[in-house]
Amino acid sequence: MSAPTIPDFLLFLLLHLCLFHTKTLRVQALTSPTDISALKSFKASIKPSSIPPSSCLASWNFTTDPCTVPHRTSFTCGLTCNPDSTRVIQLVLDPAGYSGTLTPLISQLSQLTYLDLSDNSFFGPIPSSISSLSNLQTLSLRSNSFSGSVPVSFASLKSLDSLDLSHNSLTGFLPNSFNSLSNLRRLDLSYNKLTGSLPKLPPNLLELALKHNSLSGYLSNSSFDGLTQLEVVELSENSFTGTLQPWFFLLPSLQQVDLANNSFTRVEVWKPAGGNSNLVAVDLGFNGINGYLPVNFASYPVLASLTLRYNRIRGKIPLEYSKNKFLRRLYLDGNFLIGKPPAEFFAGGTSVSGSLGYNCLQGCPASSQLCVPSQKPNAMCKHAYGHHGDEKPRS
């Protein structure tokens, strides 16, 4: 008599139950209790009335383990855990309008590499305890209402690659110790209330943005010393003064410069060494720049956009500007330029756009968009050149 056999369908069922049990054991690794405590404190610091029902934070139900997968109803977004589901490595909130303070206990998420709370309504100081997050690579608190100073202790974030604290209400000076952030590539502190001068900058920066603050003083070579990889400099809408010296435009990787709406009084430009430069766009508009147009800008081989509008620049437009075939946008309006503009600007097939208007030019064709708005009144031009016998405004 043969032994009884298990029906095929039962065998199939048992096998699938075993597989399911194995998978369940694998995915139910528990999140570190320290991380759970930090997450609870983080959520508790946010006003419950500012948490929309469909938001990420609304799904943070701590009756469920935060790192357990799959996330069907709890912790559906906002967190990323490491592969073994034991530690939180990313905290990225949705822009849901969350309002509250950032708890100092955020530092207990010691494996965090990415912290992004952008486009919400967090307020109060940025906790200096963040500086203990030694693995942090990206920190973005953009577009909130944080106040107080930038923590000096941030200088210890040695792994930090990107720091964005723009569009807040931060005050005080830029920390002198920031130059020790050797891995920092992108720094954006625009649209705050920062004061003081520019300190020595991190050595491996690619992008620097400090627009719309109250920074002042000269741009010193010592601040930019060794920044061989710097490509973008955005310092517009501050109170920087003095002469913009020739070393600045010779930074070896420089591509885009925006220094508009400051109080610079002069600009000096040297030709790039060997005729090589990556400089594409320069905006020096709305300063107090005196003197003549720097002819050496025409020697920058790929310069496509040059703006020096609404300064106090005198003299003629260098003919060399019209010879640079890469130059596509030229804004020189609102100065005291004289003489006739280069005829090449108005030749058929020219691709130069911009404005030469509101100067003291002769023969700027009214039919050309380059000559809009119209030139200054004669009386204004004569007054500007009244004490300069070697120059004459248009007659």
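Modeller: The largest cavity has a volume of about 40 Å³, where a cavity is, on a 1 Å grid over the protein atoms alone, a set of points where a 1.4 Å probe fits but cannot get out, and a volume is the space filled by probe spheres set on the points, which are joined across faces, edges and corners. This is a predicted model, in which local features need pLDDT of at least 70 and side-chain atom pairs count only at pLDDT 80 or more, while totals for chains, interfaces and linings use all residues. Residues are numbered from 1 along each chain as its sequence is written, and side-chain values use heavy atoms, with hydrogens and water left out.

The lining of the largest cavity consists of Leu174, Pro175, Phe178, Leu187, Pro199, Leu201, Pro202, Leu208 and Leu210, lining residues being those with an atom within 4 Å of a point. By class, these are 9 nonpolar, no polar and no charged residues, with Ala, Val, Leu, Ile, Met, Phe, Trp, Tyr, Cys and Pro counted as nonpolar, Asp, Glu, Lys and Arg as charged, and the others, Gly among them, as polar.

The search of the whole structure finds 2 cavities of 30 Å³ or more.

As for open spaces, the largest pocket (an open set with protein on both sides within 12 Å along at least five of seven lines) has a volume of about 190 Å³. Of its 16 lining residues, Asp164, Arg186, Leu187, Asp188 and Glu207 are the closest to its centre, and by class its lining has 7 nonpolar, 3 polar and 6 charged residues.
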